[in-house]
Amino acid sequence: MDDIDRALVLRLQEDAGQSYAALGAAVGLSAGATHERVRKLRERGVIRRTTVEVDPAAVGSGVLAYVMVDSNAWMGESAAAFAAIPEIQEAHIIAGSASVLVKVRTASTGQLQDVLRRLYAIDGVSGTHATIALETFFERPLPL
């Protein structure tokens with residue numbers, strides 16, 4: 001990736017709905033050249049997908065929690081079990097006192113409690129430690 005690719009990716013992270021003409025103007029390329037660069041970034045896997053950022057509270061998912069999942073077994077083969085719980089937005093195998101870290105969004109703490117129950121149903125899970133976010137200062141795109 002060169003500086004122009006980095007600039008394109010940064011701008012796309014801010015607003016993926018921009019036209020190729022607007023993107024190109026911002027980095028000094030024509031719309032056609034910009035389109036070709038973005039296509040190549042997709043082919044190389046730099047850009048994995050294009051999406052829309054939704055306000056969680058506006059769609060009824062205002063409770064954000066990070067849950068450390070303890071286990072009595074290696075959890076590296078359990079990705080599908082975590083993915084089967086739709087309220088889990090992210091799941092990461094981690095090093096440290098817990099085995100997995102998940103990011104959960106729900107409409108209420110009652111629904112969060114239900115997610116915790118479903119986590120316990122995953123083979124190998126022996127405990128959870130949930131931390132509820134009261135306010136999000138910011139979330140930023142990946143720096144390049």
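Six elements, α1 (3-14), α2 (20-27), α3 (31-43), β1, β2 and β3, each put at least two residues into the lining of the largest pocket; helices (H or I, at least four residues) and strands (E, at least two) are DSSP runs, numbered from the N terminus. This is a predicted model, where local features need pLDDT of at least 70 and side-chain atom pairs count only at pLDDT 80 or more, while totals for chains, interfaces and linings use all residues. Residues are numbered from 1 along each chain as its sequence is written, and side-chain values use heavy atoms, with hydrogens and water left out.

**The pocket**
- The largest pocket holds about 1900 Å³ of space; a volume here is the space filled by probe spheres set on grid points joined across faces, edges and corners.
- A pocket is an open set of points on a 1 Å grid over the protein atoms alone, where a 1.4 Å probe fits, with protein on both sides within 12 Å along at least five of seven lines; lining residues have an atom within 4 Å of a point.
- Of its 43 lining residues, Gln-13, Arg-49, Thr-51, Val-52 and Glu-53 lie nearest the centre.
- α1 gives the largest share of the lining, four residues.
- By type, the lining splits into 20 nonpolar, 10 polar and 13 charged residues (Ala, Val, Leu, Ile, Met, Phe, Trp, Tyr, Cys and Pro count as nonpolar, Asp, Glu, Lys and Arg as charged, the others, Gly among them, as polar).

**The sheet**
- Four strands make an open antiparallel sheet, ordered β2-β3-β1-β4; two strands pair if DSSP finds at least two bridges between them.
- β2 (88-93) and β4 (125-133) sit at the edges with a single partner strand each, so one side of each has no neighbour in the sheet.
- On average, neighbouring strands of this sheet are turned by 20° against each other, direction ignored.
- Helix α5 (residues 109-120) lies across β1 (63-71), β2, β3 and β4, and runs at about 155° to β4 (axes are lines fitted to C-alpha atoms, for helices over the stretch in contact, with angles from 0 to 180 degrees between N-to-C directions; contact means heavy atoms within 4.5 Å).

- Five bridges join β2 to β3 (residues 100-106) in the antiparallel sense.
- Ile-88 has Val-104 of β3 as its bridge partner, and Ala-91 stands opposite Val-102 in β3.
- Six residues lie between the two strands of the hairpin, where Gly-96 takes a positive phi near 130°.
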